[in-house]
Amino acid sequence: MSKHFFFLAMVLLMMLAGCGPERTDRPTPAPEEYVTALEAYERIRPAMLAWHEDAVVVYTSSVHSEQSEWRVDGEGRAIWWSFAVYSPSVSRETDISLREGEIRVGIPAIPGGEISAGVKEGLPIDNMIDSDEAVRIALQNGASGTLYCIGIDHYDSKTDRYIPPSWGLTYGHLHDWSQQQRVIIDAVTGEVLRNDFAGP
């Protein structure tokens, strides 16, 4: 129960990090503003280490948004990535996001922008395949339709089991879960762990 609650809380924090007023008057983002998850990580890494030199990424995701330009594109690139980062030395967690090329540190609506946290394991980020590679694997395995979110999963609700850090790709309707299909890909090996497009 506690592990399941931890992952739900993590997802909620990341969704909160992506919430807030969205600018509707900005021009269409330039192609170079769209980056992969690991490209975004390289950009936020100095800010992460400035926050705490032992900080590690424990979760990352593109953001949920009504506006398609904020979401991940069909090639696994986005203009807005959020990273949950954790410092073992102080047992604190915060959010660092890359949004339109700007780096923002702190969890929105949380005083001080960070929270106390229990022991957390960092992602094997130096050994992970990137978000664009995860999309290529999903497409090779029959994924189709609108990709609207990609992020790291540790738990597969369909099989009710914990899994190694994996890219979870969600296709389909933004709000109607009954019309969504998921592909889950081991973030290190590239193995497809779940594929809703494969049929029964």
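Q: Which residue does D132 form a salt bridge with, and how far apart are the closest N and O atoms?
A: In this predicted model, D132 forms a salt bridge with R77, and the closest N and O atoms are 3.6 Å apart. A salt bridge here is a side-chain nitrogen of Lys or Arg within 4 Å of a carboxyl oxygen of Asp or Glu.

Q: Where do D132 and R77 lie?
A: D132 lies in helix α3 (residues 131-140) and R77 in the loop between β1 (56-62) and β2, so the pair ties together parts 55 residues apart in sequence. Helices (H or I, at least four residues) and strands (E, at least two) are DSSP runs, numbered from the N terminus.

Q: Is D132 buried or exposed?
A: D132 is buried, with a relative accessible area of 12%. Buried means under 20% relative accessible area, exposed means over 50%, and partly exposed is in between (1.4 Å probe, protein chains only). R77 is partly exposed, at 24%.

Q: Which residue does E75 bridge to?
A: E75 forms a salt bridge with R77, with 3.7 Å between the closest N and O atoms.

Q: And what about D132 and R136?
A: Their side chains meet in a salt bridge at 3.9 Å, N to O. D132 and R136 are 4 residues apart in helix α3, so about one helical turn separates them. R136 is partly exposed, with a relative accessible area of 41%.

Q: Which residues are joined into one network?
A: Salt bridges that share partners join E75, R77, D132, E133 and R136.

Q: How many salt bridges are there in the whole structure?
A: A search of the whole structure finds 11.

Q: New topic: how many aromatic pairs?
A: The search finds 3. Rings of Phe, Tyr and Trp (its six-membered ring) pair if their centres lie within 6.5 Å; planes under 30 degrees apart count as stacked, over 60 as edge-to-face and the rest as tilted. One of the pairs is Y41 with F83: the ring centres are 6.4 Å apart and the planes are at 50 degrees, so this pair is tilted.

Q: Where are Y41 and F83 in the chain?
A: Y41 is in helix α2 (residues 37-51) and F83 in strand β2 (residues 80-87), so the pair ties together parts 42 residues apart in sequence. Y41 is buried, with a relative accessible area of 7%, and F83 is buried at 1%.

Q: What kind of pair do Y171 and F197 make?
A: The rings of Y171 and F197 have centres 5.5 Å apart and planes at 85 degrees, so the pair is edge-to-face. Y171 is in strand β7 (residues 161-172) and F197 in the segment after β9 (192-195), 26 residues apart. Both Y171 and F197 are buried.

Q: Which residue lies over the face of W80?
A: R99 does, at 3.9 Å from the ring centre. A charge sits over a ring if NZ of Lys or CZ of Arg is within 6 Å of the ring centre and within 35 degrees of the ring normal.

Q: How many helices and strands does the chain have?
A: The chain has 3 helices and 9 strands. Buried residues make up 48% of its 200 residues.

Q: What should I know about the numbering and the cut-offs?
A: Residues are numbered from 1 along each chain as its sequence is written. Local features need pLDDT of at least 70 and side-chain atom pairs 80 or more, while totals for chains, interfaces and linings use all residues, and side-chain values use heavy atoms, leaving out hydrogens and water.
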